[in-house]
Amino acid sequence: LKSVYSDDFFISMEPKAAWRQTQQELDDIALINPPSKILEKLFELIELNELAGHCAAIVELNHQVTDDDAELRLQEELLRKITQHCQLFKGIRLSDNVNNLHIDQYDAIMPTIEFHPRHPHNVQGKVMQQELWSKSIVWVVDNEVDLEYAAELSPRGIVSNSPRDIVDILEGWC
């Protein structure tokens with residue numbers, strides 16, 4: 001990144017958010033390590049690649065997944081180290097409860113574009129509080145309709161899996 005963009009880049013990193021909660025996860029080889037091992041590797045890579053100031057970690061510790069207090073303490077310590085280098089973001093899916101969001105500890109929240117009231121996946125009409133949109137980086141905005149939805153919500157930013165398509169759309173609008 002530095003060789004291409006110098007210091008003008010920002011990346012977000014979201015390690016797998018669930019461990020050993022379903023049979024599929026129990027069978028998934030990628031999830032054989034506990035969360036602390038994943039966080040440890042994430043921290044090593046942040047330091048190795050000198051990402052301080054250029055990164056966000058989308059990590060939420062799940063205290064209900066394990067009864068192992070030592071594992072939880074290790075996760076908390078690693079997350080503390082990570083946030084000394086990176087901002088901490090909270091991903092919010094349409095399936096999450098948005099009525100009582102506790103976001104004070106996060107630098108930004110990342111709700112999915114599906115929270116737009118007219119999005120076809122938002123069949124239950126879930127909405128977030130209006131004042132949260134200015135603190136939000138909306139994901140996944142990959143097409144013109146989603147970009148229009150995002151413009152209506154006025155978030156702090158967007159994330160796209162197809163950034164070149166978004167740039168093309170914006171150039172066509174201007």
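1. **Basis.** This is a predicted model, where local features need pLDDT of at least 70, side-chain atom pairs count only at pLDDT 80 or more, and totals for chains, interfaces and linings use all residues. Residues are numbered from 1 along each chain as its sequence is written, and side-chain values use heavy atoms, with hydrogens and water left out.

2. **The disulfide.** The count comes to one disulfide, taking a disulfide as a pair of cysteine sulfur atoms within 2.5 Å. Cys55 and Cys86 form this link, with an S to S distance of 2.0 Å. The link is left-handed, at -85 degrees about the S-S bond. Cys55 lies in strand β2 (residues 55–58) and Cys86 in the loop between α4 (69–83) and β3, so the pair ties together parts that are 31 residues apart in sequence. Helices (H or I, at least four residues) and strands (E, at least two) are DSSP runs, numbered from the N terminus.

3. Three classes are used: buried is under 20% relative accessible area, exposed is over 50%, and partly exposed is in between (1.4 Å probe, protein chains only). Cys55 is buried at 1% relative accessibility. Cys86 is buried too, at 5%. Cys174 is exposed, with a relative accessible area of 84%.

4. **β2 with β3.** These strands run parallel and are joined by three bridges. Pairing requires that DSSP finds at least two bridges between two strands. Ala56 stands opposite Gln87 of β3.

5. **β3 with β4.** Strand β3 spans residues 87–92 and runs parallel to β4, with four bridges between them. Phe89 has Ala108 of β4 as its bridge partner. Gly91 has Met110 of β4.

6. **Which way do the side chains of β4 point?** The strand covers residues 108–111. Ala108 and Met110 point one way, and Ile109 and Pro111 point the other way. Are these residues buried or exposed? All of them are buried.

7. **Start of helix α3.** Pro35 is found in helix α3, which covers residues 35–48. Pro35 is buried, with a relative accessible area of 12%. In sequence, Pro35 and Leu61 are 26 residues apart; in space, the C-alpha to C-alpha distance is 8.6 Å.

8. **Ser36.** This residue is also found in helix α3. Ser36 counts as buried, at 4% relative accessibility. What does the side chain of Ser36 contact? The side chain of Ser36 makes a polar contact with the side chain of Glu71, at 2.7 Å. A polar contact is a pair of N or O atoms within 3.5 Å; within protein, one must be able to donate a hydrogen and the other to accept it, and residues adjacent in sequence count only if both atoms are side-chain atoms.

9. **Surface patch.** Leu1, Val4 and Tyr5 form a nonpolar patch on the surface, with about 320 Å² of accessible area together. Patch residues have over 30% relative accessible area and no salt bridge; nonpolar side chains (Val, Leu, Ile, Met, Phe, Trp, Tyr) are joined within 5 Å, like charges within 9 Å. A salt bridge is a side-chain nitrogen of Lys or Arg within 4 Å of a carboxyl oxygen of Asp or Glu. Leu1 sits in the segment before α1 (2–5). Leu1 is partly exposed, at 46% relative accessible area.

Technical notes: Accessible areas come from the Shrake-Rupley method with a 1.4 Å probe; for residues, only the protein chains shown count as cover.
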